[in-house]
Amino acid sequence: MAIELVPINRLRKADKTLFQETYFKNHQPAIIQDFCHDWPAYTNWSFEKLKERAGHLTVDLYNNKPAAPDKSTMFVDERMNFGAYLDKIASNEPVELRIFLFNIFKHIPSLRKDILKPDLVDGFAMSLPFMFYGGAGSVVHMHYDIDLSHVFLTQFVGRKRVVLFAPEYTPLLYRLPYSVITYTNVNNPDYEKYPALQHVKGYECVLDYGETLYIPAGYWHYIEYIDGGYALALRVLNESWLKRIEGAWNLFGEMRIDNFMKKYFTKPWFEYKNRKAFENANDAIKQFSKLEQMTA
Ligand SMILES: O=C(O)CCC(=O)C(=O)O
Ligand SMILES: [Fe+2]
């Protein structure tokens with residue numbers, strides 16, 4: 001039995017009041033269908049046009065292997081001409097190679113002009129646009145963005161399946177502390193080994209060309225590329241100062257501690273995190289059962 005997932009609501013128009021009151025304030029995910037329709041990028045960022053403007057660049061590619069919980073490095077799998085990469089993913093043949101730490105806007109600043117500042121909510125960080133690329137069959141392993149910003153992910157080419165879990169479920173997902181790694185297999189959960197997963201509920205959608213997914217701050221996301229394609233993520237800083245500080249600590253403190261410990265105390269550190277993941281999940285199951293009894 002798979003984890004229970006409900007569809008994410010689609011909003012045909014980006015209605016500010018409705019979006020803010022119903023979704024943004026309550027940290028409820030939604031798909032906004034016309035978020036980018038007035039941006040030049042909506043029509044300018046096809047495979048052909050992007051290749052014309054940026055095809056000469058060289059990019060680092062990453063494969064689909066999940067990050068090892070006890071290793072500190074992320075390996076570049078291949079380096080390639082960006083145009084050749086775009087041709088490869090446009091063919092829609094399975095290509096399990098992704099690009100995610102490549103700042104295309106630094107190399108081709110004119111691309112920035114194709115994005116307009118949305119006024120759906122205040123606080124869009126326009127200086128931090130990120131693009132993500134992948135071939136058909138690529139997978140983004142489940143994680144949450146540690147800076148704890150809200151993310152608006154707009155799809156420019158291809159479709160992707162996205163699964164989301166609210167941060168309240170974190171202990172039930174067997175999160176390894178000091179990391180954004182979990183033992184959750186979204187499509188094929190092992191309830192015997194990870195019984196807490198029986199209590200988890202999430203959301204899912206297939207995000208299509210021109211649509212934007214609002215991923216509320218701290219939400220776990222797992223992504224499967226149905227077609228080769230790419231998306232742009234715009235961030236809105238967390239409205240809570242405490243969460244912003246926590247986000248900064250995650251980036252500059254927690255991650256450094258984790259990398260240091262992984263390097264010098266590899267085995268005991270991993271054993272500690274593994275034990276904690278199970279302890280937290282078991283505590284959460286108990287709390288969950290209590291809650292169920294109270295509401296029964
Ligand atoms: O679409 C992708 O490939 C990854 C998106 C993602 O993880 C994000 O926007 O935070
Ligand atoms: Fe992410």
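My notes follow, entry by entry.

**Ground rules.** I worked on a predicted model, in which local features need pLDDT of at least 70, side-chain atom pairs count only at pLDDT 80 or more, and totals for chains, interfaces and linings use all residues. Residues are numbered from 1 along each chain as its sequence is written, chains are lettered from A and ligands numbered from 1 in the order in which they are written, and side-chain values use heavy atoms, leaving out hydrogens and water.

**The iron site.** I started at the iron ion (ligand 2) and found His143 (NE2), Asp145 (OD) and His221 (NE2) coordinating it at 2.1 to 2.2 Å. Donors here are N, O and S atoms within 2.8 Å of the metal (3.2 Å for Na, K and Ca); water is not among the atoms, so sites may look incomplete. Along the sequence I read the donor spacing as H-x1-D-x75-H. Aspartate 145 sits in the loop between β8 (139-143) and β9 (150-157) and histidine 221 in strand β13 (residues 220-225), so the pair ties together parts 76 residues apart in sequence. I noted that helices (H or I, at least four residues) and strands (E, at least two) are DSSP runs, numbered from the N terminus. Aspartate 145 and histidine 221 are both buried (under 20% relative accessible area, with exposed over 50% and partly exposed in between; 1.4 Å probe, protein chains only).

**The sheet.** Next I traced an open sheet of seven strands, ordered β2-β3-β12-β9-β14-β7-β6, with mixed pairing. Two strands pair if DSSP finds at least two bridges between them. I found β2 (10-11) and β6 (98-99) at the edges, each with a single partner strand, so one side of each has no neighbour in the sheet. β9 pairs with strand β12 (residues 212-215) in the antiparallel sense over four bridges. Leucine 153 has leucine 213, in β12, as its bridge partner.

**Glycine 55.** Then I looked up glycine 55, which is placed in the loop between α3 (47-54) and β4 (58-61). Glycine 55 is buried, with a relative accessible area of 10%. Not counting residues up to four places away in sequence, I listed its contacts as Leu50, Asn81, Phe82 and Gly83 (contact means heavy atoms within 4.5 Å). I also checked valine 200: glycine 55 is 145 residues from valine 200 in sequence and 43 Å from it in space, C-alpha to C-alpha.
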